[in-house]
Amino acid sequence: MKISIVGTGYVGLVSAVCLASKGHTVICVDSMAGIVDRINHSEATIYEPYLSEYLKEAVAGKRLLATTDLEYAVKNSEISIIAVCTPYKNDSIDLGFIEKVSRDLGRLLRKKEEYHVVCVKSTVIPTTTDTFVKNIIEEESGKKAGEFGLVMNPEFLREGEAVMDFLHPDRIVIGAYDDKSFELFKKVYEVFSGAPIIRVSLRTAELIKYASNSLLAMLISYSNEIAAISEAVGSLDVEEVLYGVSLDKRLSPQIDGKLIRPGILKYLKAGRGYGGSCLPKDVKALVAFSEQKGYVPKLLNATTEINEKQVEKIVDRIEKELSGIEGRRILVLGLAFKQNSDDIRESPSIKLVKLLVERKALVSVTDPIALENAKKALENIAGITYLEDCKKETLRFDAAVLMTPWQEYVKLLNEGNFEQLEAAILYDGCRALRKNKMLESGIKYIGMGLS
Ligand code: NAD
């Protein structure tokens, strides 16, 4: 099939290379000429495992090209997938990017005689596609929905594992305006074997995405709430509590005597809280939308409230352990919001660095991939030391905080390589380290829910 994808960021670019790898011909459209140029030179504009290899193959095989020219893309494709950003701004979702693309697509559809399907892949609040997007395209194109196709296909990929997630989806949700849209659009995914295709209404597809992200966020905040209770009780470790919870056979079934540990259990984990470009903004946008509709979602409000306190709790604890934080040397290990990603959007690490500097600590930071992105995000803050390669030097600090569980940091610390890291305190913000090993090492090992 001939597919255009508007917005070539994390979702757009990963979708493009994966669809091209399945034999589709893909045109990537982005408003940033620099991004377009780099993609046409087979250069991945973001870091994701396998992305670079798949991109090179797609460009070399002439199955993927990038352009800033939306008209060219619409003329040369049967389907346009919208994958632009949907940030949270001024207490609600900002649909400005969606509006602009919908208007542009509508104007172009006025000139196009052939049937064309518009698909919203960006995460948008329920009713966006069947009212906002539909109305704009109808107005600009002079056509009625039905004369053009309309689909909502939420994306469930996880950053850091995006390419494999896209190539091996667990579900394909297609919200369709009508049968014709659905029948054409489902061909995009017919080449993906195994995953169930669920056909739903446009607004159901939108809410499935928000409900999914809210569940993940809620599990993390639930774990952090149990961690806070563990600390209040004293002399126990939330990790043991949550492990006990996780052995419930409805969470960890035994099949043929083998214990199955489903991926969802990764979210049953206390620590520095969730970040990234999705969970924080999606939970807030759903809350705002729901309140606008007259329902106050108490559970989701509490999910955000708990999450927003986690980083401050880390700083308070370090301050207490060191009897003051001003002038103390603190090392932050990991800046990306998760491992295997260069994304620092809403990263708890960035929040931590800002708070430490505010409290006048002497902060050093390091990350194997996200250091450059972090430098840009923190450029207005003076006094931060950026360590390009933490393995090259002996690290002498009053406290070190593990914020992103990059394998190399976890390995370094789990192996007890404390000749390299000299710190009075090690705060495990991810609860990723082997507690017993840490406790034996002589370093003061602390973490969320460990008392
Ligand atoms: P992103 O910021 O990485 O990429 C968006 C891209 O759109 C940018 O390259 C930008 O230049 C481009 N763009 C903006 N307006 C444009 C226009 N008018 N024409 C052409 N290009 C335009 O965003 P992202 O992280 O890929 O997220 C995109 C959407 O997917 C969001 O709604 C997000 O919530 C959702 N989503 C993201 C993830 C994730 O892990 N990042 C996962 C699932 C869903």
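Analyst: **The ligand and its shell**

The model is predicted, and local features need pLDDT of at least 70, side-chain atom pairs pLDDT 80 or more, whereas totals for chains, interfaces and linings use all residues. Residues are numbered from 1 along each chain as its sequence is written, and side-chain values use heavy atoms, without hydrogens or water. Helices (H or I, at least four residues) and strands (E, at least two) are DSSP runs, numbered from the N terminus.

For Tyr10, a backbone N or O atom is 3.1 Å from a ligand oxygen; for Val11, a backbone N or O atom is 2.8 Å from a ligand oxygen. Thr86 takes part through its side chain, where an N or O atom lies 2.5 Å from an oxygen of the ligand. The ligand taken alone exposes 830 Å², and the protein buries 89% of that area (Shrake-Rupley method, 1.4 Å probe).

Strands β7 (residues 117-120) and β8 (residues 149-152) pair in the parallel sense over 4 bridges; pairing requires at least two DSSP bridges. Within this pair, Val117 stands opposite Gly149 of β8. Side chains in a regular strand alternate between the two faces of the sheet. In β8 both faces are covered: Gly149 and Val151 are buried on one side, Leu150 and Met152 on the other. Buried means under 20% relative accessible area, exposed over 50%, and partly exposed in between (1.4 Å probe, protein chains only).

Lys121 belongs to the loop between β7 and α6. Why does Lys121 count as buried? Lys121 counts as buried because its relative accessibility is 3%. The Lys121 side chain makes a polar contact with the Glu155 side chain at 2.8 Å, and another with the Tyr189 side chain at 3.1 Å. A polar contact is a pair of N or O atoms within 3.5 Å; within protein, one must be able to donate a hydrogen and the other to accept it, and residues adjacent in sequence count only through side-chain atoms.

Thr127 is also placed in the loop between β7 and α6 (residues 128-141). Its phi is near 85 degrees, a positive value in a residue other than glycine.

An open sheet of 6 strands runs in the order β15-β14-β13-β16-β17-β18, with parallel pairing. At its edges are β15 (residues 385-387) and β18 (residues 444-447), each of which pairs on one side only. Within the sheet, β13 (residues 329-333) and β16 (residues 395-402) run parallel and are joined by 4 bridges. Ile330 stands opposite Ala399 in β16.

The loop between β17 (residues 421-428) and α16 (residues 435-440) contains Arg431. Although Arg431 is not a glycine, its phi is positive, at about 50 degrees. Is Arg431 buried or exposed? Arg431 is buried, because its relative accessible area is 4%.
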